[in-house]
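Subject: Structure for you to look at

Hi,

Here is the structure I promised to send over. Have a look at it first, and then read on for what I found.

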Amino acid sequence: IDSMVLAALAHAHVPPSQPIELINVAFGTNAAQAPDRLTGIRGFAELAALHPERHFRFVEVDITLCELRDARARLLEVLAPARTVMDFNIGAAIWFGARGKGRLRLRPPLSVGDDADELCRYAPCSPTRSGVASDDSSEDLLRIRLSISDQSTRALPVVSIEIGWLTARSKATEPESGKAAREDATSEREAGDGVREGEYTSGARVLLLGMGADEQLGGYGRHRTVFRREGWAGLRAELAAERARLWRRNLG
């Protein structure tokens, strides 16, 4: 729920044959156009382009204001350490998202908005539609490489993240294992927009929560504003302040 980085890390750990479900919660009568829904769909499209060998699923959880009101009393009972409006909003998203019930989207839509190319918050980034540059392209792409140490020799694995610019000049070829996984997944897919009819209930037994990811990794618009005004030094200071107060805000 609510973290592209966690989804990418899950991809590095989960066997290629297993799907990964991305749960996205939106509220109100126009949930399909909610900013968090549109951002989630763009993230879904980006993950699918970066990792074509993986079958990602997008679970759209639409909650009416009536459902939200009905759950309010119970949510206020279990919220901790604070019960502010922000805590309630975050708690409601986790509460309804954890049920894993919603509308299943098996593939990203063909169009994800006019600003779908803006995939990188702090630097220009113009990947092609498929996620890699074509043969005659000299566009610079942002490469994020995740590596996980061998856990057998450590109490906890060490995750290293390498970020750098890559000039892509050749098309990427999808591994045979990835092709097989996607061909298997095709049998589940529906025609048209890729949305399956009826309510879907996830069978997943593990739920990964992205709480605190935005505060630690610069995911909010205010972080971009600080970066543009004060550069990397200002952003580092802002993220340090976020981490220092995280334990007493936004559900701790």
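Let me start with Trp232, which counts as exposed because its relative accessibility is 52%, and exposed begins over 50%. Please keep in mind that this is a predicted model.

Now to the aromatic pairs, of which there are three. In one of them, Phe44 and Phe58 are stacked, with 5.4 Å from centre to centre and 15° between the planes. Phe44 belongs to helix α2 (residues 35-50) and Phe58 to strand β2 (residues 56-63), so this pair links parts 14 residues apart in sequence. Phe44 is buried at 1% relative accessible area, and Phe58 is buried too, at 2%.

Trp232 has a ring partner as well: its centre is 4.7 Å from that of Phe227 and the planes meet at 65°, so this pair is edge-to-face. Phe227 is buried, with a relative accessible area of 16%, whereas Trp232 is exposed.

One more ring is worth a look: the charged end of Arg72 sits over Phe88, 4.9 Å from the ring centre.

On the surface, Leu207, Leu209 and Met211 make up a nonpolar patch with about 240 Å² of accessible area together. Leu207 lies in the loop between β6 (200-201) and α6 (213-217) and is partly exposed, at 39% relative accessibility.

As for the whole chain, it has seven helices and six strands, and 34% of its 252 residues are buried.

Best wishes

Note on methods: Residues are numbered from 1 along each chain as its sequence is written. This is a predicted model: local features need pLDDT of at least 70, side-chain atom pairs count only at pLDDT 80 or more; totals for chains, interfaces and linings use all residues. Side-chain values use heavy atoms; hydrogens and water are left out. Patches are made of residues with over 30% relative accessible area and no salt bridge: like charges are joined within 9 Å, nonpolar side chains (Val, Leu, Ile, Met, Phe, Trp, Tyr) within 5 Å. Accessible areas come from the Shrake-Rupley method with a 1.4 Å probe; for residues, only the protein chains shown count as cover. A salt bridge is a side-chain nitrogen of Lys or Arg within 4 Å of a carboxyl oxygen of Asp or Glu. Helices (H or I, at least four residues) and strands (E, at least two) are DSSP runs, numbered from the N terminus. Buried means under 20% relative accessible area, exposed over 50%, partly exposed in between (1.4 Å probe, protein chains only). Rings of Phe, Tyr and Trp (its six-membered ring) pair if their centres lie within 6.5 Å; planes under 30 degrees apart count as stacked, over 60 as edge-to-face and the rest as tilted. A charge sits over a ring if NZ of Lys or CZ of Arg is within 6 Å of the ring centre and within 35 degrees of the ring normal.
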